Amino acid sequence: MPEPVFGRYGDLWGDQVLRDWQDSGNEALRAMAVNTRYDGRVTPAREAAFRAFAPQVSDKTLRNAFKDYFEARVRHERNPDFLEPLNQENIATLYRRPVSLARVVILNGLVPVYQAARQTNEVFRRFPTRPTEETVGDWLDNELRDRPEATRRSFVEATLQEMGRARLRQPFQPAWATLWDHFLLYASLTPEHWLEALGITWEARDPGNPEPLWVVVLKYSVGEAGTLVRPTQLDAGWNAAHFPTPKELPAKNGERPMELPADRGGHPVDYGPDVPGDFIPAEFIHAEITHSPDHFHRIGRIEDAQPGGLATRRRVHHLRLRKFYVKEFDMFDWMPSHCTE
Amino acid sequence: MEDTYTNTEAVRAAMAARLREDPPALEQLHEWLRGHDLPPAGHTLEPYQWILRGLPLGPDRFSRETRLAEALAALLSASQEQAVSEEVLYNSLMLAAALGPQKALSAPLREMLHRETLTGQWRGVELRQCLADALMENQLDRSLEPVWNAMLEGRIPADRFLQGTPDNGLRGVLLMPKSETEPDQPALDAIGRALKEMAKRLSERQDRRARFREAVQEVKNAHPQRVIWDLDLILQAHEYNWPLWAFESLPRLYVLLETLPSGARRLMVWKYILYPIRECLDSATRVFLGGTLVETTVPTTLTEFLDEIVAVLEPLRASHQLPSDKSLRAAVAHELQQQAACNQLAGARDLAHRYELAIEQLYDELSVGRRIWIVEDDRDQAARVDEIVTSNFEGVKTTIIPSERAFRRLVDGGVDKPDLVLLRISPHSRPPNEGNVTIRSRAGIRYARELAENDVTRGVPVIPYAVSDNQVLEGPEIRDFEALGMPPVCLTPQSDNTSLIERIKEVTQRAA
């Protein structure tokens, strides 16, 4: 039975490679194949831009195209594709009134920011010259653990300042965020759940001895973020942790298919405990901004961020999406259940 | 489906296969370094971090690291910087830094340094900075020592290829081996010099002790296998004559050298630890940094008491935050007072008495300070006062000021602030004749006022003294000083100088 590519049954570009990935037994490749097939939010124009990175489709070129497209047209672009007219359908327009956003930043993942700042900012002068995951974790523990709140705050403020400087040197797109009200459902829980609210996964290098993660919650307004966009697989790059959302509700009883507004956002793969009412937070991206010290909300340390297996996460998320959209349509009509079983 | 897949295991399996190939798969390594052929795990970790994840954790790790370093070295040697993307260069250099020290990597990194063609940045990080990091971590000899020293001293011209901060310089030095033939030994002499340079740079900072301790800790962390760091650091401090505050910020100033058959201990110890037992000890075998640390032998009968003192004073010293030397001594005096009171309460009068003696001794030292000006134009009297001061107070440096010109030169010349000024006045002086100003011509009160108004000497205690046959001092200048609350001390030719000594103690204790 044929399956779509980017939600469309056209020339089925890359179909054979995607089929191979689905049959590979490799859970991450399978996830990437399914996402590529069912992410109809990738517009035809964006798909064309993406295809240019793999003119001859093969296993290798398609894998690398995700990375290369992301680096060239998203990550380092001052005008990334997700804000260009070719992605117009995914730009959210609802939030004109004051609405706050929540973003979670993993400090361990800011190696280049700290490396550059080490030369000029005293706060980061002891950042390791061999920044492995282990030495970075130790450094963060040394700077933040058992330190007074004021010390932690000034460290985070300096980090935000340096992120802003780094952005001016070379953009680092996109920023992933959820609505603050949605995040509040997780905010009282432990820092592990803050990551869940944003669907952020961090696979430990050594599961038996995971490095600590330091995470920071930022709160800021939609106005400061600028344009909000519903994300696609191409904005996540070569990342199987993403899970797409449908672009439109399938047609019923001969009616025209109903488009799902971009304002609703995507949905992070929530691998944590159920939140009340089977609620699933919204997920947006926006251009990287310079965060002011006022945006800092909380900081936390995660001992063990093991998110569980990818297949399980995806299966559970698929079922949650189905429950969430049950009044509107059957999620399995968009992405069949076998995709995550 | 069994859900056990992890991206790390996927990378590990792929790398294990490719690193077994001979010759190593350079093309594949290049692909990994540009972020290709990696698992779909997002873009938070840089490719070099994924490659490191690909190294196994078990017994094969060392050989696999070496193999990877050889492959990376071959790749670096085969490619010119201009022909390689910034992403690949960044990841190559960071991988080299993470794998170091590796014999294979040293040469290609040096070649890159000598070519001086590396430019650009990746994710906002200057690639030259990455090269400096990789060089630091892959040193096999001391050939880069001048580069690190220049960074330490902050004297790298802006157009120099390799830039770096003093912290970078320190890091470079502490990762440098003692020699090519002793790669596992730190270059202690270079570290001693580097820490002195750091102390010099930090000397004006309020948080200098904390910052210096950080630097020392970094040194220790770089060579965690070395167990005699405490002794090493003391000897380096002595060799390179570190400032007192830096020396007293070291983690330990109590080093047991030997336990004799009798149970007595030969040790190197901070002198204040010995104050409560000083009169029971033989003179020191060796002294370091002007006697701040001594090598001595403590008899068995005193070792228990010594341990008690060490347990109290060492943590206090090692965590002291205030920058001045005097503040540390004041903290020690306070702690000794507490110990004296506790022992008194516990009925241990002998121990309480020992602590009290130590406090007295410390107060003498604390209150006198280290620099005393003697403003005196009579050579014989100057020698007499100098003798009184130096023979009654330890570690004092006196400066005799014999004329107004010398006084003016010191006060206006931005010299180091004195801790005390002894000012000769004349009991029967008359108003000075214009153009004929001498110290005796009622200049004392003018000097005292100038000292009080000068930015450097403001607040420095002044003790006026007069030399007179008569015990009762009279005259307008005497009255001026009395009005200022500084009644002059009288030195008669026959007096035993006690009044001056007591006044010095009293005035400077109050100032302390």
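This is a predicted model: local features need pLDDT of at least 70, side-chain atom pairs count only at pLDDT 80 or more; totals for chains, interfaces and linings use all residues.
**Group meeting: a walk through chain B**

With 17 C-beta neighbours inside 10 Å, Ala25(B) counts as partly exposed. Where does Ala25(B) lie? In the loop that joins helix 1 to helix 2 (26-33) of chain B. Take Met15(B) as a reference point. From Ala25(B) to Met15(B) is 10 residues in sequence and 10.0 Å in space, C-alpha to C-alpha.

Next, the interface. How many residues does each chain put into the contact? Chain B puts in 36 residues and chain A 38 residues. On the side of chain B that touches chain A, several helices supply at least two residues each, namely helix 1 (7-19), helix 3 (47-53), helix 5, helix 7 (127-137) and helix 9 (166-174). Helix 7 of chain B has the largest share of that side, with four residues.

Now the inside. The largest nonpolar core counts 180 residues. Who has the most contacts in there? Val215(A) is one, and from chain B come Leu72(B), Leu93(B), Ala96(B), Val173(B) and Val269(B). Helix 5 of chain B, residues 86-99, gives the most to this core: 10 residues. The core also takes at least three residues from domain 1 (7-138) of chain B, and at least three from domain 2 (252-364) of chain B.

What does Val269(B) touch, leaving aside neighbours within four places in sequence? The list is Leu253(B), Tyr254(B), Leu274(B), Leu293(B), Val294(B) and Thr296(B). One of these, Val294(B), is also the bridge partner of Val269(B) in strand 6 of chain B.

Four strands of chain B make an open sheet, order 3-4-6-5, with antiparallel pairing. Strand 4 (residues 265-270) and strand 6 (residues 293-298) of chain B share six bridges, in the antiparallel sense.

Two helices deserve a look here. Helix 12 (residues 229-239) of chain B packs on the sheet and touches strand 3, strand 4, strand 5 and strand 6 of chain B. The direction of helix 12 makes about 110 degrees with that of strand 3 of chain B. Helix 15 (residues 300-318) of chain B lies across strand 3, strand 4 and strand 6 of chain B. Against strand 6 of chain B, helix 15 runs at about 155 degrees.

Last stop: strand 7 of chain B, residues 371-375. Why is strand 7 of chain B largely enclosed by the rest of the structure? Because four of its five residues are buried. Which strands does strand 7 pair with? With strand 8 (residues 397-401) of chain B, strand 7 pairs in the parallel sense over five bridges. There, Ile372(B) stands opposite Thr398(B). With strand 9 (residues 420-425) of chain B, the pairing is again parallel, over four bridges. Here Ile374(B) has Leu422(B) as its bridge partner.

That's the tour. Comments welcome.

How values were computed. Residues are numbered from 1 along each chain as its sequence is written. Chains are lettered from A and ligands numbered from 1 in the order in which they are written. A nonpolar core is a set of buried Ala, Val, Leu, Ile, Met, Phe, Trp, Tyr and Cys residues joined through C-beta atoms within 7 Å. A residue is buried if 20 or more other C-beta atoms lie within 10 Å of its own, exposed if 12 or fewer, and partly exposed in between; C-beta atoms are placed from the backbone. Domain bounds come from an automatic or database domain assignment. Two residues are in contact if their C-beta atoms, placed from the backbone, lie within 7 Å. Two strands pair if DSSP finds at least two bridges between them. Axes are lines fitted to C-alpha atoms, for helices over the stretch in contact, and angles run from 0 to 180 degrees between N-to-C directions.
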